[in-house]
Structure formats: structure tokens, C-alpha cells
Amino acid sequence: MKVVPYPLIASLVFFVAAGAAGGLRADVIETEEGAHLVGHVTKITGGKVYLDTEYAGVIIVTQTHIVRLDTDAPMSVRLINGTRYDGRLSGVNGKIQVVAAAGLVSTTVTEIATSWLPGAPEPPGIRPRRHWSYEAAVDVTGKNGNHSQLGTAYGLTATLTRLKDTLILSTSYNRQVSDGLKSADQFKAGADYSSNYADKNSWYARDEGGFDHIKNLRLYNLAATGAGYDFIKQIRQTLTGRVGLAYRYEDYRHATIQDVNSIGLDLGLNDTRQFDRSLLTTRIAIVPTLENLANISITHETDFDIPLPKSAWKLRLGVSNDYNSKPPPGIERLDTTYFGRLVLSWK
């Protein structure tokens with residue numbers, strides 16, 4: 001009788017055990033009441049998590065009661081804002097991280113609209129359809145007495161939102177008169193399109209044009225396209241960087257002012273932060289010309305939106321900066337505007 005050496009037996013036992021352990025799947029749910037549930041998460045839909053267990057069959061747990069949700073294998077997840085991710089779920093205290101191929105994505109249990117097993121069809125009725133939303137803004141300021149002043153500003157924005165891309169169309173006009181002299185006379189219109197072809201990667205194209213008579217700018221246009229990357233992509237905050245090429249055109253009314261007609265770089269940073277009842281948005285764009293990198297145009301705007309109770313109106317407070325390193329004679333390089341506007345939103 002041939003005896004099998006003990007080390008070989010131990011090795012076989014180890015590999016069999018490891019193989020059996022690798023075949024086991026254990027998803028974990030913990031509730032705020034203290035329940036610890038182990039099984040197999042089959043789907044999330046309608047505010048419920050379905051956990052298939054060997055000891056009690058399918059257990060249905062309300063999402064708002066879950067403080068911990070871990071899955072041992074990847075799942076397809078659709079958030080309530082329409083974004084889709086594929087990866088493992090891991091988190092405690094109601095906060096969840098989706099371990100996706102592009103990196104960690106932070107969210108909460110209650111922000112998950114639905115989930116399904118990889119390879120299975122997505123449940124119907126969850127994918128949001130494209131929709132338009134609109135904003136109209138106006139502010140009027142005036143003063144009489146030792147000095148007279150009248151200022152008006154109007155703006156209209158239309159946004160088309162779909163699962164993976166966004167189109168923003170905007171136009172605005174600003175006019176200020178102080179003691180009979182115009183201090184602002186500017187019109188601009190633009191379009192901004194971005195498409196997320198991966199979790200954190202996107203490409204974009206934008207165009208903006210108009211005039212600014214105070215700066216003797218008869219016509220200007222800025223067209224750019226490039227790539228974007230989401231440094232932060234969470235439910236309540238998105239921080240996106242942009243790098244691309246731009247075409248910068250500036251036609252001045254006076255022959256003594258040199259026009260700008262050049263290819264340039266387009267560097268941008270967009271940050272959006274959602275609070276319980278307010279929204280903070282910051283947009284920065286830097287465009288140096290390639291023929292003269294010292295010729296730089298920088299635009300910045302920060303808006304803080306406060307919704308008015310039980311109304312479609314909101315109050316927008318903000319500041320904008322317009323910087324030109326090579327301004328026309330008699331024009332300052334930096335032009336700063338502070339504003340407070342009433343904004344009407346509808347869909």
C-alpha cells in the first residue's frame with residue numbers, strides 16, 4: 001500500500017478549502033435596528049433591497065433602514081440622478097462607495113434608484129428620459145440723489161440633460177448707466193456640450209460670442225473643444241477639469257487696437273456643490289493664445305442659489321471676473337461684477 005506524504009495531503013486540503021471559499025458569495029446588510037443579514041443581493045428597486053438567503057429565502061429590506069451594504073461581486077447600479085456605475089458596493093453609516101473600474105464613487109444607500117446583476121437587462125422604467133429645464137434671470141438696480149444710476153441685466157438658460165451628455169444654451173445682456181455715462185454694455189450668447197463616455201472621462205465642445213461696447217469690442221468669439229476629467233464625482237459635488245484647444249477672435253472698433261485672431265489653449269475648472277437647500281457653482285476658464293502665451297483671457301463666475309420657499313423662484317448671489325492681460329488702451333485688465341438676481345426655474 002502506497003502512503004501519500006502528509007505535506008501533499010495538507011496541500012490538497014488547503015486548495016480544496018480555498019476553492020470552496022472562493023465559490024462562496026456573501027453580501028452583507030446591516031440595519032439601524034441592529035440586524036446583521038448575510039446572503040445574496042439580487043436587486044435594488046422601489047426603495048427596497050432584495051437579499052436571497054439560504055435560511056429565510058428572499059428578505060426585503062427598506063433602503064432607509066440600511067446602515068451597511070457590502071456586495072462581494074460587482075453589480076450594475078443606477079443612481080436617482082440617472083448616472084450608471086458598475087462595481088462592488090461597500091459602505092457603512094448609510095454611505096456607499098461604488099468600487100468601479102475608473103475608481104471610487106461615493107454616494108448613499110438612498111441615492112440608489114435600482115441595481116441589477118451584470119449581464120442581465122436593466123429594469124424598465126428606471127432610465128430617465130432626456131428633458132429640458134429653463135432659467136430666466138433678471139435684476140434691476142437704480143439710484144437717485146447726488147448720483148443717478150440705472151442698471152439692468154437679463155439672462156436665459158436652457159439645459160438639455162440626458163444619461164451621459166448635457167447641452168447648455170445661454171444668453172445674457174448687461175447694461176449699466178451712471179450719471180449719464182454707460183459703464184456696462186455687454187451681450188453674449190453661448191453653447192456648452194459635454195458627453196461622459198466613461199465614469200469620470202468626458203469630451204466637450206463650447207462656443208461663446210457677443211460684444212462689449214465699453215471695451216470697444218465690436219465682436220468676439222471663443223470656440224473650444226477638448227477632454228474633461230471628474231476629479232470629484234459624488235451626488236452632492238462634482239469637480240471637473242478641462243483641457244483643450246481654442247480659437248479666440250476679438251474684433252475691436254478702433255484701428256489703433258490690435259485684433260486677436262489666434263489658436264489657443266482652453267483650460268477650465270467647473271465645481272458644483274449641492275447643499276440641503278442651496279447650490280454653489282464655480283466656473284473658471286483660462287485661454288492663452290499660442291502665438292503669444294502672455295496674451296491670456298480669464299473668465300470666472302461663482303453663483304450661490306437660494307430657493308425661495310414654496311416657489312419656482314430662487315435668489316442668486318454671485319461674483320464674476322473678466323481678465324485680459326492685453327486690454328485696449330484706457331481699459332483695466334480686471335473687471336469685477338457683484339450681482340444679486342431673481343431666477344425663475346421651470347421644466
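Among contacts in the protein between residues at least 6 apart in sequence, what percentage join residues at least 24 apart? After that, which residues form the nonpolar patch on the surface?

Modeller: This is a predicted model, in which local features need pLDDT of at least 70 and side-chain atom pairs count only at pLDDT 80 or more, while totals for chains, interfaces and linings use all residues. Residues are numbered from 1 along each chain as its sequence is written, and side-chain values use heavy atoms, with hydrogens and water left out.

For the contacts you ask about (heavy atoms within 4.5 Å), the figure is 47%. The protein has 22 strands and one helix; these are DSSP runs numbered from the N terminus, with E of at least two residues for strands and H or I of at least four for helices. Of its 347 residues, 35% are buried (under 20% relative accessible area; exposed is over 50%, partly exposed in between, with a 1.4 Å probe and protein chains only).

Now the patch. Its members are Val138, Val140, Leu150, Tyr154, Leu308, Trp313, Leu315, Leu317 and Leu342, which together have about 750 Å² of accessible area. To belong, a residue needs over 30% relative accessible area and no salt bridge; nonpolar side chains (Val, Leu, Ile, Met, Phe, Trp, Tyr) are joined within 5 Å, and like charges, in charged patches, within 9 Å. A salt bridge is a side-chain nitrogen of Lys or Arg within 4 Å of a carboxyl oxygen of Asp or Glu. Two or more residues each come from β11 (131-143), β12 (149-161) and β21 (313-324). The largest share, three residues, is from β21. Leu317 lies in that strand, β21, and is partly exposed at 38% relative accessible area.

Aromatic rings are a further topic. Five aromatic pairs are counted (Phe, Tyr and Trp rings, the six-membered one for Trp, with centres within 6.5 Å; planes under 30 degrees apart are stacked, over 60 edge-to-face, the rest tilted). Trp132 and Tyr134 are stacked, because their ring centres are 6.3 Å apart and their planes at 10 degrees. Trp132 is partly exposed at 32% relative accessibility, and Tyr134 is partly exposed at 27%. With Trp346, Trp132 and Tyr134 form one aromatic cluster.

Terms used:
Accessible areas come from the Shrake-Rupley method with a 1.4 Å probe; for residues, only the protein chains shown count as cover.
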